[in-house]
Amino acid sequence: MKFALLLFDPENYWDSVSEEEMGAALAEHAAFAQYLQKQGIAFSGEALKPAKEARSLRPSEQRPVSADGPFVTLRQDLAGFYLMECADLDEAEEIARHCPLGAGIEIRPVWDAPS
């Protein structure tokens, strides 16, 4: 079963950190990736640009309407994600406990697409 770890950081966090802090954060994620590999967990992941650079589509009566920014206003940015294979939610949570925390992590099951 696939699970997404949705990683959140405080709004505008990456605009305010030093290069040293950025390097340390990237090293933490590299260590987490190594942990996943050592555990034999299939995964992928990406960092996301800040919400201020996003665009969303919102429903309207005739067709979707484009709007700048995230769908909902948050005080955190969705900063990145890992997509990984796990047996169940309990295993996904245990693995997520090894991931850099930032402002929080949401662990969400992914729908399996029909073959």
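Predicted model: local features only at pLDDT ≥ 70, side-chain atom pairs only at ≥ 80, totals over all residues.

Modeller: Residues are numbered from 1 along each chain as its sequence is written, and side-chain values use heavy atoms, with hydrogens and water left out.

Biologist: Why is Asp-77 called buried?

Modeller: Buried means under 20% relative accessible area, exposed means over 50%, and partly exposed lies in between (1.4 Å probe, protein chains only). Asp-77 has 10% relative accessibility, and therefore counts as buried. This residue is found in strand β5, strands being DSSP runs of E with at least two residues and helices runs of H or I with at least four, numbered from the N terminus.

Biologist: What does Asp-77 touch, leaving out residues up to four places away in sequence?

Modeller: Contact means heavy atoms within 4.5 Å. With those neighbours in sequence not counted, Asp-77 touches Leu-7, Phe-8, Asp-9, Pro-10, Glu-11, Asn-12, Pro-50 and Ala-51.

Biologist: What makes the pairing of Glu-93 with Arg-97 a salt bridge?

Modeller: The term requires a side-chain nitrogen of Lys or Arg within 4 Å of a carboxyl oxygen of Asp or Glu. The closest N and O atoms of Glu-93 and Arg-97 are 2.5 Å apart, so the pair meets the rule. Side chains of opposite charge can pair when their charged atoms come close. Glu-93 is partly exposed at 33% relative accessibility, whereas Arg-97 is exposed at 59%.

Biologist: How many salt bridges does this rule give?

Modeller: The count is 2. Arg-108 also forms a salt bridge, with Glu-106, their closest N and O atoms being 2.4 Å apart. Arg-108 is partly exposed, having a relative accessible area of 43%, and Glu-106 is partly exposed at 30%.

Biologist: How do you know that Met-22 may belong to a nonpolar patch?

Modeller: Patches take residues with over 30% relative accessible area and no salt bridge, and nonpolar side chains (Val, Leu, Ile, Met, Phe, Trp, Tyr) are joined within 5 Å. Met-22, in helix α2, has a relative accessible area of 31%, so this residue passes the area cut-off. Tyr-13, Trp-14, Met-22 and Leu-26 make a patch of about 350 Å². Helices α1 (13–16) and α2 (19–39) are the elements that give two or more residues to the patch.

Key
Patch = residues over 30% accessible without salt bridge, like charges linked within 9 Å, V, L, I, M, F, W, Y side chains within 5 Å. Areas by Shrake-Rupley, 256 points an atom, 1.4 Å probe, with all protein chains shown as cover.
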